[in-house]
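I opened my notebook to look through one protein chain from end to end. Here is the picture I worked from.

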Amino acid sequence: MSEIEPLLSKQKVLKRQPGAIARNQEGSIVGVVFVVLRELEAHLNLGSHAYFQRMYVLPQARSSRLANQLYKKFLEGFIGSVELRDHRASTLMAENINPGLQEGFMRRYFARLGFTMLGSNRLGGEVWLLKLRNQFIF
């Protein structure tokens, strides 16, 4: 069983950092969810900024259970950290680049988590969007 660490509360301003890390029983990192704030092009009509997230799990540690636990721990911490997020970003974007996971079960999984599919990118990856609650703090 791996240990999942939420990491968002350790930074004052969330711009680019790991959002959650999975470790094996020896303490080695076997998976990570990374989040970064990016400026968006105006023609997208999605606001001026968005958070982009990617997840990677080492091939030898991959399992649907670990991936699910890691991603849910990330989302729980990220969604709950309104005061740490940049108020200009009203969305979290996730890219599913694995062709083997571009199936109905994965689309239902993203939909159950509240994501909406935007479409595909130039590389053939699916792009998913989650609306975020914002808070402007002086």
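My entries below go from the overall layout to single residues.

**Entry 1: the layout.** I noted at the start that this is a predicted model. I counted the elements of the protein chain and found 2 helices and 7 strands. Reading from the N terminus, I wrote down the order β-β-β-β-α-β-α-β-β. The chain has 138 residues, and 38% of them count as buried. I also looked up the accessible surface, which comes to about 8,500 Å², with 53% of that belonging to carbon and sulfur atoms.

**Entry 2: the largest core.** Which residues touch the most other members of the largest nonpolar core? I found Tyr51, Tyr71, Phe74, Leu92 and Phe115, out of 24 residues in that core. Then I checked which elements supply it: β2, β3, β4, α1, β5, α2 and β7 each bring at least two residues. The biggest giver is α1, with 6 residues. There is also a second, separate core of 6 residues, and Leu40, Ala50, Met93 and Leu129 are among them.

**Entry 3: helix α1.** I looked at its length next. The helix has 17 residues and spans 24 Å from first C-alpha to last, close to the 24 Å expected. Its buried residues are Leu66, Leu70, Tyr71, Phe74, Leu75, Gly77 and Phe78. I reminded myself that an α-helix has 3.6 residues a turn, so residues three or four places apart point the same way. I picked out Tyr71 and, skipping its neighbours within four places in sequence, listed its contacts: Gln53, Met55, Ala94, Tyr109, Phe110, Leu113 and Phe115.

Entry 4: A polar atom of the Ser81 side chain lies 2.6 Å from the backbone oxygen of Gly77, and Gly77 is one of the buried residues of α1.

**Entry 5: strand β7.** Why do I call β7 largely enclosed by the rest of the structure? Because 5 of its 6 residues are buried. I then looked up its partners. β5 runs antiparallel to β7, and 6 bridges join them; Glu95 stands opposite Val127 in β7. β6 also pairs with β7 in the antiparallel sense, over 4 bridges, and Met117 has Trp128 of β7 as its bridge partner. Last, I checked the hairpin of β6 and β7: there are 5 residues between the strands, and Gly124 takes a positive phi near 90°.

Technical notes. Residues numbered from 1 in each chain as written. Predicted model: local features only at pLDDT ≥ 70, side-chain atom pairs only at ≥ 80, totals over all residues. Heavy atoms only, no water. Core = buried A, V, L, I, M, F, W, Y, C linked by side-chain atoms within 4.5 Å. Buried < 20%, exposed > 50% of the residue type's maximum accessible area, 1.4 Å probe, protein only. Contact = heavy atoms within 4.5 Å. Polar contact = N/O pair within 3.5 Å; in protein donor to acceptor, adjacent residues only side chain to side chain. Areas by Shrake-Rupley, 256 points an atom, 1.4 Å probe, with all protein chains shown as cover. Expected span 1.5 Å × (residues − 1). Pairing = 2+ DSSP bridges.
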